[in-house]
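Welcome! Have the model open beside you as you go.

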Amino acid sequence: MHRFFTEPKNVTIFPRDETTPEMDPIGQIVIAGEDFHHLIHVLRIAHDERFEVCDGAGTDFICHIKEVLDDHLLAEIDIVNYSRGELPFKLTLFQGIPKGKKLDEIIQKGTELGYTSFVPFTAERTVNRPKNADFKKTIRRGRIAYEAAKQAGRGIIPSVEEPLADINVVAKMLAGYDLVLLAHVGEGNPGLHTVLQAFGKTPDNAAVIIGPEGGFTEIEVLTLQNAGARVVSLGTRVMRTETAGPALGAMLAYAFGLV
Ligand code: SAH
């Protein structure tokens, strides 16, 4: 079935009470722009054909075309479902800014694996230092998250934030998470199994922190630990920075019984 995203503002759910006839429509969705063009002119979707629209906020609607107008159409909702494709907890990736276009790849793979938010930051050993706020880059990265979410059948489009200036800003944000994993290469660092056993439950809102190519300085590790991060080793092989975040995302899904 064809599936695409809309915004909640385009969805209207009709009020119902005991007297509403069973056959009355559940609601309707206005579809305009690119998706309208795609459904009508590219897919040439038939009036009795069902398709799925996700509101990007965790709900899917199975619907069919009710009326086609000049530049938009009205679709009638047949079935409402909670979106598949979401982990039962939020998962943010704080990513030390890597070189080149690796962040694009991290956002793409991370979205496929269930991350809900991406927050790049400049670490002491970051080579590629953004000088000014570059909103265009953030918008492009948001588009990558959108495309990957669509492809992966996600129920939300992960957010991509503006880069944070340094580790102190990251540390200040950690209070909002119930589980914070700081991936750090080091002999004697506890493995994921040990750290998750100590945590003892499924998180509601977890965060993962990954260093840039050069890793973290000891001061950065201490700053993040003091802010509540738990240092974790991901095994005896050193992964590239663009591998570590997606890999840890996949490990968490498995650890919480979701694979
Ligand atoms: N030479 C650097 C390697 C950095 S690898 C160092 O010794 O720190 C880039 C980032 O990926 C690291 O900062 C860490 O966040 C993550 N990472 C890669 N492999 C890892 C592993 N085996 N255990 C924990 N973190 C790892």
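**Before you start.** At 19% relative accessibility, K102 counts as buried, where buried means under 20% relative accessible area, exposed over 50%, and partly exposed in between (1.4 Å probe, protein chains only). The model is predicted, so local features need pLDDT of at least 70 and side-chain atom pairs count only at pLDDT 80 or more, while totals for chains, interfaces and linings use all residues. Residues are numbered from 1 along each chain as its sequence is written, and side-chain values use heavy atoms, with hydrogens and water left out.

**Exercise 1.** Find the parts of the chain that E213 and K102 link.

*Solution.* Step 1: E213 and K102 form a salt bridge, 2.9 Å from N to O. A salt bridge here is a side-chain nitrogen of Lys or Arg within 4 Å of a carboxyl oxygen of Asp or Glu.
Step 1: E213 sits in the loop between β11 (205–210) and α6 (218–226), and K102 in helix α2 (residues 102–113), so the two are 111 residues apart. Helices (H or I, at least four residues) and strands (E, at least two) are DSSP runs, numbered from the N terminus.
Step 2: E213 is partly exposed, because its relative accessible area is 33%.

**Exercise 2.** Work out which helices the pair R140 and D104 ties together.

*Solution.* Step 1: a salt bridge joins the side chains of R140 and D104, at 2.8 Å from N to O.
Step 1: R140 belongs to helix α3 (residues 135–152) and D104 to helix α2, so parts 36 residues apart in sequence are tied together.
Step 2: R140 is partly exposed at 32% relative accessible area, whereas D104 is buried at 12%.

**Exercise 3.** Are R3 and E52 buried or exposed, and which network do they belong to?

*Solution.* Step 1: the closest N and O atoms of the R3–E52 salt bridge are 3.2 Å apart.
Step 1: R3 lies in strand β1 (residues 3–5) and E52 in strand β4 (residues 51–54), so the pair ties together parts 49 residues apart in sequence.
Step 2: R3 is buried at 17% relative accessibility, and E52 is buried at 5%.
Step 3: salt bridges link R3, E52, D60 and R84 in a network.

**Exercise 4.** Count the salt bridges.
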